Amino acid sequence: MLRTRLRGVTLTDIVVWLIGIAILVGMIWGSIATIKLGKYSLSTWTDLIVTGLALGGVYALIALGYTLVYGILRMINFAHSEVFMSGAFTATFAASGLVSLGWWERFPILSLLIVLAVAATVSATVAFLVERIAYRPLRHAPRLVPLITAIGASFFLQYTFRGLYGSGLKGYPEMTIFKGEVILFGIRFFKTQLVVIIGAILMMIALYVIVQYTKIGKAMRAVSEDKDTAALMGIDVDRTISTTFVLGGASAGIAGILYLLLFPVAHFFMGFIPGLKAFTSAVLGGIGNVPGAFLGGIVLGLLESVGPSLFLDGLGIPAAYQLKDAIAFTVLVFILIFRPSGILGERLTETKV
Amino acid sequence: MTRLSPLFRETMRSALIGGAASLLLALVGMVESFRERFIISGWFNVGQVLFLLPIWYAIYTTLRRFPDENRKDTLLAAFVGGAVGSFPLVILLLLGSVINLRAMFVNASPALYRILTFNQGVWPGTLLLILVLALLGLTAGGMLQLSQRWQRALIQGFVWLFVVGLMRDLILTVTNRWGPLAPVFRSIFASSGLTPVGGILLFLIITGLSYRRQQKGTAPKKALDPKMRWVAFAGVALIFIFLPQILGLYFSEILDNVMMYILMGLGLNIVVGYAGLLDLGYVAFFAIGAYTMGVLTSPELNANPLTYWQALPFAMLISTISGVILGLPVLKLRGDYLAIVTLGFGEIVRLLVLSDWLRPWLGGTQGIQLIAQPQIGNLVLRSQVQLYYLFLVGVAIVVFIAWRLKDSHIGRSWMALREDEDVARAMGINHVTTKLLAFATGALFSGIAGTIFAAKLTSVYPHSMNFLVSINVLALIILGGMGSIPGVFVGALVLIGAPELLREFAEYRYLVYGALLVTMMLYRPEGLWPEARRRLELHEEEEVPASDALSPSPAE
Amino acid sequence: MKRLLVVLSVLVLASIVLAACGPKAQPYTCTDPLGCVEVKPGEPIHIAYALVISGADETLGVDSRNGIEVAIALKGKLLGHDIKLTGEDDGCSAEGGQAAGTKLSADPTIVAIIGTSCSSAARAAMPLISKAGMVMISPSNTAPDLTEAGNPNNHPGYLRTAHNDKVQGAAAAKFAFEKLGVRKAATIHDGSLYAEKLQAVFAEEFQKMGGTITAQEAVDPNGTDFKSVLTSIAATGPEFIYYPIFVKAGSLITRQAKEVPGLENVYLMGADGMFSPDVVEGAGDAVEGLFVSSPDLAAFAAEYQSVFLPKYKELFGTDPISIFHAHAFDAANMIFAAIEKVAVQQPDGTLYIPRQALRDALYATKDFKGLTGNLTCTPTGDCADPKIAVYQYHAGQYPPERIWP
C-alpha cells in the first residue's frame, strides 16, 4: 500500500500536501498563540467543547438521514433539510396544543412521545412524497438531474410551509424535566445537551442495526450495490427505496424534536443551515456510512464551537466566530486531502462514484 | 358495494388529487392574495383560476385517457368527478366554520372562506361550491365531445387570456414605448387585467387563429439550407442588437441579468458539462471577479483607483489563478466529495469578504461602493441598455471560446475524463492539467461576469455572493442540457428571465420556481436543448424497448 | 408572425372605435416640472412597494407591506379613488434593488413608492426612481449616507420614516452608560448593514463617553448556535451586550446568553429589529429583562391597540412580526396626506397629482401624528421622530414595558 503510494508521487501531490501542511501549521500556530494569550480558562474550554458536542449531535442526527439515502441511491437528497423542517415545524403546533391542554407538564413522557410521533409522521410523509414525485420518475436520468429536482422540491417545500404556517417564529415550549444542569465527570452539561448527544448515539445505533441486521436492511444494501441484480433476486426496488426514504424522513422528524430541545425556535427557513451542515458532516465522515455520519457531525460541531477561539483568537483576528464556517470548511479540505473519501469512507468509493 | 368502472374510479381519484392541490394553493394564501388580480376586470380573477383550474385539469386529463367511453358515461363521470374534487375544499370550509384553523394555518381566513363560498355563507356557499365544481367538471367532459382541433384552439385561447391578463403590467411597460400602438394596448387593459371587451376579443382572435392554423396541418419541417442558415444567423444577431431598443429599460435589466448568468453558465458548463466536475461553489469566482474590480477601481479603498479597463486584466488573472488554487486540492476527489469542497470554497470566499477582519481591504459588511463603470472614448456605459452591449460582446467572445474549445483536443480530453476518468488516464490524458484547465477556464468566465456585475451596480456587497447564485447557475445548465451551449442560453432565459416575469407572483415566486424546476426536469430530464451527442445516446436507449430493469443504470 | 399582424390590426380598429366614443380632451394643463399623474374617474391611485418579501430576510419586508395594507384598509378611499398597491421584491440586495427600481420607474401610473427594506437596495434603486420623478419613503432603511446632504447616495425624492442609525445607536449608548451605569460593553452584529452600522455607532459613542468595548463579534443571521460565541464574549467580562440584530438570531442569543456561565447577570439589549412578539415567542422565559430601543410609541399606544392591531390581525391572522409595520403605516399615511394636499381634482372626478409638488409636500411634512411619533422631515428626508425610547421585555408579555426616558 505504502509503496504503491510512494511510487505514484508527483509534483501535484507534493503541492497538495504542502497546502495541507500549511493548513496544519496555521492551526497549530494559532492554537499556541491562543493558549499563550490565556484569555480563556479551562472551564471556558470545556463549555465550548460541550456546546460543540451537542451541536455536533444535532448535525449527526440530520446527517444520518442524508447518509441513509445516499447509501442506497448514491444521490444527495437536498430536500432532506426541508423534510427535517416540516416535521419540526408541525410538531411545535402539537406541542403548544398539548401545553394548552395542560398535558405538557402533567404527562411529559406521553407528550414527548406524541410530539415525536407527529414530527416523525409528517417528515416521513413529506420524504415519501418527495421521493414519489420528484425522484422516482428520474431513476434512470443523468445523475445530476435528481439533484436539480431536489433543489426545486426544497424551494417548494420551504415556501409551502411558509404559506401554511406564516413567516413568523414559532416557539417550542420548554419542559421542566429537561431544565437544569448535570455534572458528569466534573463537566457541566445541560440536560438538553445530554439528551441530544444520547439521542444521536441511539439513533445511529438503531439505524446501523436496521441497515446491517434486518431483512429490509439487507434489501437496502442489495439495492445500493446493484439495483438491477437486486430486482432479479426478487427485491422490490421501488418499495425498498420508498422505505428508505420513510425511514430517513422519520429520523429527520426525530432529529427535529431533539433540535428543538436545544434551539426551541421553529420557522420555515430553519432547515437550510442545519441541512447544509449535516450534508457536510455526512461527507466529512464518509458519505453512505452510518457511523461516519455521526462522527462527521461531532467533528464539525466541535470545529465550529472550539475552532474560532482556538485557531483565530491568538492571531488577533476580530470577530472570530464570523469565520467559524470558513474554519470548518478549511479543515474539511485538510481532511479530504489526506483521506479523499472521508474519515470512515470506504476506499472503494473512489472507483465506484 | 358495486365496483366502479375504471373511468369513474380514475376520474374521482385524480379529481381528489386536483382538489388537494387546490386546497394547498388556498392554504398557502395564493387564492386570497390574487383575489384582486383580475384576468378580465370584474369577471374573474387569478385567485379563482388557481382553485378551480387544478380540479378541471385533473378531470380533463383523466377523461382524455378514456376516449372510447360513451358520451353519457363520460359526462356523468365528469360531473361526479367535479363534485368529488370539491371535497378537500368542502372539508376545509366545514372544519373552518367549527374551529379556528387560523391558529395553525394563517391563511385560513374569513376572506378565503368568502372566496370559496362565493360570498354566500357556510351552508349555501358550500353547496354552491360543490355545484360549481360539478358543473366545471361537466365542461371538462363537454370539451372532450368537441373535435381535437377545437379543444386545442379553446385551450390556447384560455392560456393566452390568462397569460396576457396576468402579465398586464409587464406588457404595458413595453407597449407604452411603442408610440402609436400604445393606446391600442392600453385600451384592452383595465386597471387590473383585461377589460371585458378586450378579453373577449383576445380570446376569440386567439381561438380562431389557432383553429385555422391547425387546418393547414403540420407540414414536416425542412432543414435549412446553408445559405438560409446565414440569413437566420444574421436575423438572430440583429434581434439581439435591437432587443433593448424595442423592449425598454426594464427588459434590458432582465436581459442584463440573463446575460450575466449566461456568462457564468458557459463557464460552469465547461466545468460540469464538459469535464464532469460537480462544482457547488461557483459563486466564489464571480465574487472574486467582482471584488477585484471593486478593490482596484473604488476610491473608497484605494488611493489610486484604476479604470474598468485597466482593472479588467487583473480581475481576469486573479479569478483564473483562484480557479487553479481551488482545483489543486480537489484533484483526487470525485463526485459528491468534490461537491462539498467546492461548496465550502464558495462559503469561505463569501465569509472572507463579509468578515470584519478583512474589512479595511475588502469593505466588510458595508461592501464597496463607487466602483468604476466602463468607459469607451467619452461614453461611460452607465444605463442597463448600454451595459447590455458590454454583456453582449462578452457573451459573444465567451461563446466563441467555449464553442471552439468543445471540439478541440482539450475539449475531447475533458469529455473523456467525464465519461470515465480511469480509462481516460490510461489513454494518456494528463488528468492534472486537464482538470486544472477546466477549473481555470470556468473561473475566468465567471470572474468576467463578476466584473460587469460590479460595474453595473457600481457596488458589491457580500450578501450578493450567496449559495443561491451557484445553485441557479447549476440548475440552468442542467435544465438547458448539460454540455450544450444553446442549452445555456435556453436555461438562463427560463430560469433567470422567467422569475423576473414571475415577479407578479411576488412572495410566491420561489414556490412557483421550485414547482417549475421539478416539473420541467420531470418533463425533459435530458434538458431543454440537449447536446447532440447526448440526444443520440438517449435515442439509442429508446430504440431498445427495454423494461426498467434492463436499461443501463445511471452513471455511478 | 401573421397571427400577430391580424391581432394587431384588429386591436387598432377596436381602439379607434373606443377612442371615438371616449370623453373629450381635458382642460387641465400640467405645469409641474416633473409632470403629473393622471387618475381617471373610477381608476385607482397607484402606490407601489419595493420590499424584501421572499428569501431569508423576508420577515422584514412582509411586515412592512402588511403595515401599508392596513393603512389602505383603514383609509378606504382617497379623494374618491380606490388605492391600488402593487410591488416588487427588493431582495434585500443591491441587484434586487436595481431590478425593482427599474421596473417601478418604468410604470408612469405609480404615484409613490414605499421601500426599500434594505439600505443596499435603496442605494441601487434610488437613482432610477429619482430620475423618474417619483418619491420613495423607506420604512426600514437606516444607513446614514442615504440622507446625508452631499453624499452621492442621497437623491431628491428619498425620505424615510425609520431611524437613522446615528440616532438609535447613540441613544442606546446613552441608555447603557447613563441609565444602567455600565462601563464595559460587548457588541454582536449579524453581517447586515443595519446591525453592523448600529453597533459601530454604539461602540463609538460608548467609548466617547468613557466606556470600554470588550468584544465586537459577528454571527450568521440564520445560524442557531450562539453559545460558543457568547462563551468567548463572556471571557472578556462585559456588563452589557448590545446586539441590534433581527428576531431569528436575536431571540436565540437572548435564550442562550442565560445559559452561558458568566453572562447570567449581564444586561442584554437589542434594537427596533427585535421589537416583535416573535421575540417573546422565540426567547421564552429568557426574554425577561431584555431591553430594546424603539420609536417612542407611548403617545399613540391606545390607538395602536384599539385600531391598528385588530385590523392587522383581521387581515393577516398573526401578530405583527416586527416594528417596521408601524414605520410603513406612517409612510403610507404621509403619502396619503401629501396627495390630498397637492392633488388637483377636476369636476368630472379626474385627479391630477403633480410630482414635484408631491415631493415638496412630503419634505415639508411637519408634526405628522403617526404611530411612531411626531414625524417632521428634514430637507434630506429623515422623517422619524428623534425621540427614541427603551423598552423592557417581560416573560410572556407583549408589547414590552416602556422604561426610558
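Helices here are DSSP runs of H or I with at least four residues, strands are runs of E with at least two, and both are numbered from the N terminus. With that in hand, chain C has 12 helices and 17 strands, while chain A has 15 helices and four strands.

This is a predicted model, in which local features need pLDDT of at least 70, side-chain atom pairs count only at pLDDT 80 or more, and totals for chains, interfaces and linings use all residues. Residues are numbered from 1 along each chain as its sequence is written, and chains are lettered from A and ligands numbered from 1 in the order in which they are written.

**Chains A and C**

Let's start with overall build. The radius of gyration is taken over C-alpha atoms, and the globule rule is 2.2 Å times the number of residues to the power 0.38. Chain C has 405 residues, so a compact globule would come out near 22 Å, and its 23 Å agrees with that. For the 353 residues of chain A the rule gives a radius near 20 Å, and the chain's 21 Å agrees too.

A residue is buried if 20 or more other C-beta atoms lie within 10 Å of its own, exposed if 12 or fewer, and partly exposed in between, with C-beta atoms placed from the backbone. Two residues are in contact if their C-beta atoms, placed in that way, lie within 7 Å.

| Chain | C-alpha span along principal axes | Buried residues |
|---|---|---|
| Chain A | about 55 × 55 × 35 Å | 57% of 353 residues |
| Chain C | about 80 × 50 × 45 Å | 60% of 405 residues |

In chain A, 78% of the contacts between residues at least 6 apart in sequence join residues at least 24 apart. In chain C, residues 24 or more positions apart account for 72% of the contacts with a separation of 6 or more.

**Where chain A meets its neighbours**

On one side, 52 residues of chain B are in contact with 55 residues of chain A. Helices H1 (6-27), H16 (335-354), H22 (467-480) and H24 (509-523) of chain B each supply at least two residues to chain B's side, and H16(B) gives the most, with 11 residues. For the classes, Ala, Val, Leu, Ile, Met, Phe, Trp, Tyr, Cys and Pro count as nonpolar, Asp, Glu, Lys and Arg as charged, and the others, Gly among them, as polar. By that scheme, chain B's side has 37 nonpolar, eight polar and seven charged residues.

Chain C also touches chain A, and that contact takes 30 residues from chain C and 31 residues from chain A. Among the elements of chain C that each supply at least two residues are H2 (58-75) and strand S8 (212-218). The largest share of chain C's side, five residues, comes from H7(C). The classes there are 10 nonpolar, 12 polar and eight charged residues.

**A helix to look at in chain B**

Helix H21 of chain B covers residues 431-457, 27 residues in total, and reaches 39 Å from its first C-alpha to its last. That is close to the 39 Å expected at 1.5 Å a residue, where the expected span is 1.5 Å times one less than the number of residues. H21(B) is mostly covered, with 23 of its 27 residues buried.
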